[in-house]
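Subject: Structure handover

Hello,

Here is the structure for you to look through. My notes on what was found follow below it.

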Amino acid sequence: MIRHARTGSAFAAEATIRFCRGAALAGLCAGLWALAACGSGEAGTAERPAAEPTQIRYVEVSWDPNRESGVNRAGGGYRVYHGTTPGFSLGGARFVDVPYAGGETTPTRALLALAPGTHYIKVVAYSALNPAGSAPSAEVAITVPAAPEVFVRVQHD
Amino acid sequence: MRRVRRLALALVLLAAVGAAGEGSASDAGSYVPREYIVTLAGADAVQVLHALYAEYGIERLQPLGEGRFLLRLARDPGIETLRAAAEASGRRVELARNFIYRYQR
Amino acid sequence: MTSAYAAVLFALALFAVPARAGERPAAIAAARAPTPVPDELLVRFKAEATAGPAGVAQRLGDRLQRALGARYAVVKLDAGKPLADALAAYRAMPEVEAVQPNYRYRFLAVPNDPLYPQLWALNNDGQPVEGGTPAAAIPGSDLDMERAWNEITDCTSVIVAVLDSGVNYLHQDLAGNLWDGTAAGFPLHGYDFLDDDNDPMPADAFGHGTHVAATIGAVGNNGLGVAGVCWRARIMALRIGDRRGATTARIVQAMQFAIEHGARIVNLSLGGSEHDPAFEAEVERARRLGVLVVTAAGNEGADNDDGASPFFPCDFPQDNVVCTAALDQSYNRASFSNFGAVSVDVGAPGTNILSAWPGRVRADDLRGWVRTGGWTEAVCNFNLGRLPALVNPASWCATPPGAYAADANDVAYKAFDLAGVRHARASFFRFLATEPDVDFLGYALSPAGGDPFAAGSVIALHSGSAGTRPIEESIDLDGCFTSSCTFGFRLQSNATVADRGVAIVGFRIDTVEPNANAYAVLQGTSMAAPHVAGVAALVWAYNPRYTYADVRAALIEGGEPVAALAGTTASGRAVNAFGALQYIAPPAGVAAVVR
């Protein structure tokens with residue numbers, strides 16, 4: 001597992017974001033993002049993404065802050081689940097954990113590294129008193145286009 | 001203590017019997033006789049209501065806020081008569097009985 | 001929690017897979033689950049493990065917190081490591097036989113109030129309720145208050161208005177838990193809309209409102225009496241009626257007062273059968289202003305939705321109305337409780353409910369009265385049992401009955417110690433048959449003692465006949481608050497026709513007293529509603545950012561499914577305080593964009 005702090009970014013003060021089963025993505029953004037295998041009871045089994053690393057795009061997910069005090073203090077937070085089938089079950093699904101990280105409220109944004117295709121996303125809020133969390137949010141769909149091919153000109157002196 | 005409880009139970013039954021047979025309107029009815037809740041907007045509401053219902057003897061006209069008044073009449077012609085008078089005036093007047101609500105114990 | 005239940009939980013905990021996020025955890029399973037310590041695990045190592053526990057922990061980036069014998073250890077996880085990940089990682093280690101979270105078991109919050117053990121609604125361990133009706137009980141059928149009180153007991157950030165028959169704000173178990181309206185010009189914690197003054201004491205000594213208020217917020221853990229759902233509270237006492245009920249006009253005024261003075265929750269333990277546009281408009285205004293209205297489903301055992309027997313405010317369509325059915329000690333719907341798959345939202349305890357009463361209830365057995373003439377102590381058969389009575393003539397109970405004497409001037413009176421009371425009321429049933437407008441039954445009162453018809457003043461006269469029906473009398477004893485207040489009856493007759501006479505049954509005096517320490521057992525959906533109002537206050541205090549709709553959702557979604565409420569209420573659930581605190585709304589406004 002590789003754990004980095006993204007410093008100086010707009011998100012740094014908001015969240016420590018962990019990507020699930022995404023350790024292989026580390027090379028994409030080394031030095032930028034905290035990446036750790038998490039969730040689904042299969043931690044430590046770093047999984048290669050379905051797509052080539054260069055095809056991965058970032059999807060920013062945002063939501064309204066929950067009004068429960070427990071979500072917005074230590075032990076509380078959100079889990080952002082994603083899957084590739086509509087109405088996917090949360091059990092075994094990949095998720096990003098967005099825990100409380102200080103301040104008035106828990107962050108309400110997360111970045112997902114997703115392969116091209118259509119993904120379905122739902123968010124669950126949790127607290128120390130209710131670690132299993134809320135019922136999931138309404139599901140949203142997002143289509144990740146294939147990344148354009150990038151040509152890099154290498155100049156030789 | 002037990003004796004007292006038995007007495008109390010018996011009296012509850014007595015009270016039920018009594019209520020079935022007799023009781024003043026305020027004890028048994030669903031509304032207070034001769035009283036209405038009247039809703040009428042406007043700064044001249046009191047004057048309008050006096051003009052509409054003075055003939056029935058206005059005993060009380062108490063503002064309840066939000067354009068509502070408690071109206072008590074000396075003689076109750078019935079809600080339909082009062083409504084008809086209001087309609088004839090051309091003003092939007094809402095009328096309902098001053099209902100009675102019971103504690104649910 | 002029973003030891004068997006605890007054992008089952010422990011067994012499940014040790015061998016179950018780590019908890020995964022489910023689509024929708026069962027409310028009660030979640031409510032009963034202990035909370036794991038977020039950065040610790042309990043690990044059992046295999047006997048043949050070659051690497052020691054410390055070595056295994058180190059390989060996974062953690063450290064051994066402490067060993068619990070040769071094969072067990074508490075592992076402290078590396079900072080930030082998710083528990084679920086760690087569980088899986090340890091389970092995958094060849095040296096590990098079993099792993100589980102280190103659960104935190106907490107002492108339950110049990111208040112020291114001496115009558116608390118009788119409050120089955122708050123914690124049902126199958127106990128009988130002294131002074132209540134004996135009933136079967138299923139332990140655990142309760143609001144789960146002790147687990148909730150571990151989180152919060154103080155509701156003072158949420159004003160709860162009790163629109164009722166008044167509140168004895170000097171009751172020893174309520175004083176200190178009332179709204180302070182001094183700054184607004186209401187130093188006595190509310191208003192009396194019936195008498196139009198600022199003293200909401202129950203002037204007719206009717207204790208309904210005091211009982212309701214103390215269910216919501218009797219001072220908890222003060223070593224006195226009962227505990228409310230909220231141990232600390234700010235209850236706004238709004239007197240809208242006397243023992244006979246309340247009217248639209250007073251309810252409307254009181255709701256406006258409550259809203260204007262910051263109440264977030266209004267408790268209305270009452271109802272009527274007529275649709276009432278003014279009342280509904282006020283409920284709608286409360287909704288617009290974010291105020292929750294908790295009310296009773298009604299006590300007719302009827303379906304509020306069938307069109308034949310509507311019940312308001314329960315049936316008002318506004319979603320800020322939480323209408324409550326009553327449950328008994330086995331979480332069956334109380335036999336008297338109304339229901340409604342649309343209008344009735346939830347259930348809550350409503351039978352054998354012990355709570356505060358504004359003063360003493362002196363039940364008098366009609367013995368030891370000073371009597372002259374034909375007044376006689378008797379025991380009569382009223383077809384409802386043999387009851388002690390005070391009769392005139394002595395043959396009143398006989399078959400056939402006799403007649404009172406001509407030219408009678410008979411008195412019967414008794415002294416009562418009413419020193420120091422705020423209000424007092426005598427109530428009794430009378431049977432009366434006298435020659436109309438000629439022969440009279442009179443009542444009199446004397447603060448100086450002695451024959452009240454000689455030393456005091458006559459307060460009522462009755463004549464004629466109500467047949468064999470009893471009439472309930474309720475006499476205000478104001479002006480007689482001395483240590484030797486005498487109350488008396490007098491039968492006066494002339495020389496002509498004599499009739500059957502008088503029987504007095506079921507005499508009692510209810511008082512309102514400063515520092516009262518009186519309590520009473522009542523039942524009704526009136527008693528169910530304040531349990532819900534109390535939980536609502538607790539939830540709102542716990543989640544200050546909540547809207548009324550959030551509180552409603554927490555009450556309902558955090559409730560406990562109860563078979564007796566399925567199909568007879570909209571939610572099929574009983575309110576559960578811990579479940580309501582645990583409740584988290586599903587996140588809203590989710591949006592995703594490709595970066």
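Buried residues make up 55% of the 595 residues in chain C; a residue is buried if 20 or more other C-beta atoms lie within 10 Å of its own, exposed if 12 or fewer, and partly exposed in between, with C-beta atoms placed from the backbone. This is a predicted model, in which local features need pLDDT of at least 70 and side-chain atom pairs count only at pLDDT 80 or more, while totals for chains, interfaces and linings use all residues. Residues are numbered from 1 along each chain as its sequence is written, and chains are lettered from A and ligands numbered from 1 in the order in which they are written.

Chain C overall

Chain C has 12 helices and 30 strands; these are DSSP runs numbered from the N terminus, helices being H or I with at least four residues and strands E with at least two. Its C-alpha atoms fill a box of roughly 115 × 50 × 45 Å along the principal axes. Of the contacts in chain C with a separation of 6 or more, 75% come from residues 24 or more positions apart (contact: C-beta atoms, placed from the backbone, within 7 Å).

Helix α11 of chain C

Helix α11(C), residues 548-557, is largely enclosed by the rest of the structure, because 7 of its 10 residues are buried. Among them are C:Y548, C:R552 and C:E557. The buried residues pack against β12, β13, β14, α10, β29 and α12 of chain C.

Strand β19 of chain C

Strand β19(C), residues 386-392, is mostly covered, with 5 of its 7 residues buried. It pairs with β18(C) (376-381) in the antiparallel sense over 6 bridges; strands pair if DSSP finds at least two bridges between them. In that pairing, C:E377 stands opposite C:L390. The hairpin has 4 residues between the strands, and C:N383 takes a positive phi near 65 degrees there. Strand β19(C) is also joined to β26(C) (501-512) by 4 bridges, again antiparallel, with C:A389 opposite C:V505.

Where chains B and C meet

Here 32 residues of chain B are in contact with 43 residues of chain C. On the chain B side, the elements giving two or more residues are α1, α2, β1, β2, β3 and β4. By class, that side has 16 nonpolar, 8 polar and 8 charged residues (nonpolar: Ala, Val, Leu, Ile, Met, Phe, Trp, Tyr, Cys and Pro; charged: Asp, Glu, Lys and Arg; polar: the others, Gly among them). Strand β4(B) is joined to β9(C) (245-247) by 2 bridges and runs antiparallel to it. The bridge partner of B:Y101 in β9(C) is C:A246.

Regards

Conventions. Two residues are in contact if their C-beta atoms, placed from the backbone, lie within 7 Å.
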